[in-house]
Amino acid sequence: MKQRPFEQRHAADWRAFAATLDRLERRKPDRNAASLPMAEFPAAYRRLCQQLSIARARCYSGPLLDRLNQLALRAHQQLYRAPRQRGRAMLDFLLVDFPRRVRADARLFWLCAALFYLPLLGMGVAVHQSPELIYSLLSPELVTEIEENYAPGQEAVDRAAADDLAMFGYYIHNNIGIGFRTFASGILLGVGAVLMLVLNGVFIGAISGYLTARGYIETFYTFVAGHGAFELTGIVLAGVAGLKLGWAVAAPGRFRRTEALRRAAAEGVRLMIGVAALLVLAAFIEAFWSSNRAIPTATKYAVGGAGWLMMIVYLGWAGRRAP
Amino acid sequence: MPGNPTRRSILTMSNPALLDTIRYVETPEGITLKLRVAGPMARALAWGMDSLIRYGALWGLSMGLVLLGWAGLGVWLITLFLIEWFYPVVFEIYADGATPGKKALGLQVVLANGAPVDWPAALIRNLLRAVDFLPAFYGFGVAALLISRDFQRLGDLAAGTLVIYRDPPVKTLALPPGPALPPPLPLSAAEQQWLIDFAERGSALNPERQEELAALLADCTSGLRGVAAVERLRAHARWLVGEHS
């Protein structure tokens, strides 16, 4: 069959098919063509695929092939669209899937925890022994500022609600940004993620050691107790997600490097959804609970301890019995 | 010396593997779809436009929020965080794989199999933007873009996504009406296609160029020259597409 009769025979089908696509893409459809019922769409798509193959095999002209290719591509994008996730799926993910994924990467988790907590403890002890070490990391102005924040005897100066909101915004922007960057920089053979873990450990350890040495124990530890479990675990897990990327690039195993990277990224990004949830929770606690100095010390330590217990139970056991 | 007239290519055209940015994707239906992958320049322009929109919106918002004092700063910082990381994600998911900048340049983000991007892929490619941006001004991103076969930055490689051109609707080109004549010698399928393409695209070429091209096909035009040769080729094209009946 020559091209023109072929075009004439199928012209009506193609117009109806294009109108159906317009409707699926929520564009204004061509008023002269009726669109197909949805149930007939897949069959119509397969017919179009066949017509495109025939047109190619018969070497019909470029514009016709382009037009059919475009219709097929648009239909392909409608047909193979990922199904929309429902809100319920997110809850299932956090309660079942996320802790399972963390346990599946238990070895990487302990490695990242060591990369974070060992520098933290080491630096904490070192600065506690000789507080002047802090000046090798932070400028004197910054040290003074931190000291003022945690100096006892400021119970009267309670922060206003507006300040809490400002700090909430700051923690969201800063802490979750650090989490995301830790993940992303893992692709550089893991170097970025390791660096982020170690550096964060060093700085947090140094500041804790310094404030402990200065004797600001109550003000400092009642502040960090509440959100510590969620924030520190979040950072470690961002490191896990980042190292997965780096590991896939460095040692792809039986896959091609890009394929290994794609698989690691698909797993890593799911960990990052959980990390983001943990860090939002931490930011919320940090801004609205930790900063509240009216809450008694014992309550704060109790809540902090409960947070760690919850974290351990959640990551260790949640989702074990679910189908 | 007259050669064998029955089977000789009318064009002595070699056809080496074309250096092209078209990527072919095979679908489950057994057909191949053509995707036109977009290069660094178009993507940089789209990114520039998006940056203007993003930071313009943030600036406008700051004008309003400054009235709210510290609370306004908190809201602004949260918005900054959301726009920095999720502006592209949201548009890629809900607006056919294109941020406003990409849309303006006719670009679209799709999965490597041509399907629309899903949540994980959109998140991966936009979280990894943080590394593509290093050490400065998308240094790693551009390097990866130039090394990889399909112009993919690191985020695209990890997410398995492509940035392609969203083709404008094809204009149906009509052959000008006129007589139809069978070609004087048998033509292969590819040769027929060249002839039809030449006739259909005639209106896009100036007359001199058309005559120049027609002169290459002396075997087909039986010695005609100039405008007459072009007309003769059109007549053959009409016969080939089946307009002679």
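## Domains

Chain A is assigned two domains, with domain 1 covering residues 3-79 and domain 2 covering residues 87-317. Their C-alpha centres are 53 Å apart. The model is a predicted one.

The assignment for chain B also lists domain 1, at residues 22-165, and domain 2, at residues 189-241. Between the C-alpha centres of domain 1 of chain B and domain 2 of chain B the separation is 44 Å.

## Contact between chains A and B

The two chains touch through 51 residues of chain A and 49 residues of chain B. On the chain A side, the elements that supply two or more residues are α1 (3-24), α2 (41-57), α3 (62-79), α7 (161-185) and α10 (257-290) of chain A. The most is given by α7(A), with 16 residues.

By residue class, the side of chain A that touches chain B consists of 27 nonpolar, 14 polar and 10 charged residues.

Strand β1 of chain B spans residues 22-26, and strand β2 of chain B spans residues 32-36. The two run antiparallel and are joined by five bridges. Within this pairing, B:Val25 is positioned opposite B:Leu33 of β2(B).

Together β1(B) and β2(B) make a hairpin, with five residues between the strands. The turn includes B:Gly30, whose phi is positive, at about 85°. As for burial, β1(B) is hardly covered: of its five residues, the number that count as buried is zero.

## Helices α9 and α10 of chain B

Helix α9 of chain B (residues 207-215) and helix α10 of chain B (residues 226-241) have axes that come within 8 Å of each other and cross at roughly 70°. Angles of 65 to 115 degrees count as roughly perpendicular, so α9(B) is roughly perpendicular to α10(B).

From α9(B), the contact uses B:Gln210, B:Glu211, B:Ala214 and B:Ala215. From α10(B), the residues involved are B:Gly226, B:Val227, B:Ala229, B:Val230 and B:Leu233. Sorted by class, the residues in this contact of α9(B) with α10(B) comprise six nonpolar, two polar and one charged.

Conventions: Residues numbered from 1 in each chain as written. Chains lettered and ligands numbered in written order. Predicted model: local features only at pLDDT ≥ 70, side-chain atom pairs only at ≥ 80, totals over all residues. Domains from an automatic or database assignment. Buried ≥ 20, exposed ≤ 12 C-beta atoms within 10 Å, placed from the backbone. Helix = DSSP H or I, 4+ residues; strand = E, 2+ residues; numbered from the N terminus. Pairing = 2+ DSSP bridges. Axes fitted to C-alpha atoms, helices over the stretch in contact; angles between N-to-C directions. Parallel < 35°, antiparallel > 145°, perpendicular 65-115°, else oblique. Contact = placed C-beta atoms within 7 Å. Nonpolar A, V, L, I, M, F, W, Y, C, P; charged D, E, K, R; others polar.
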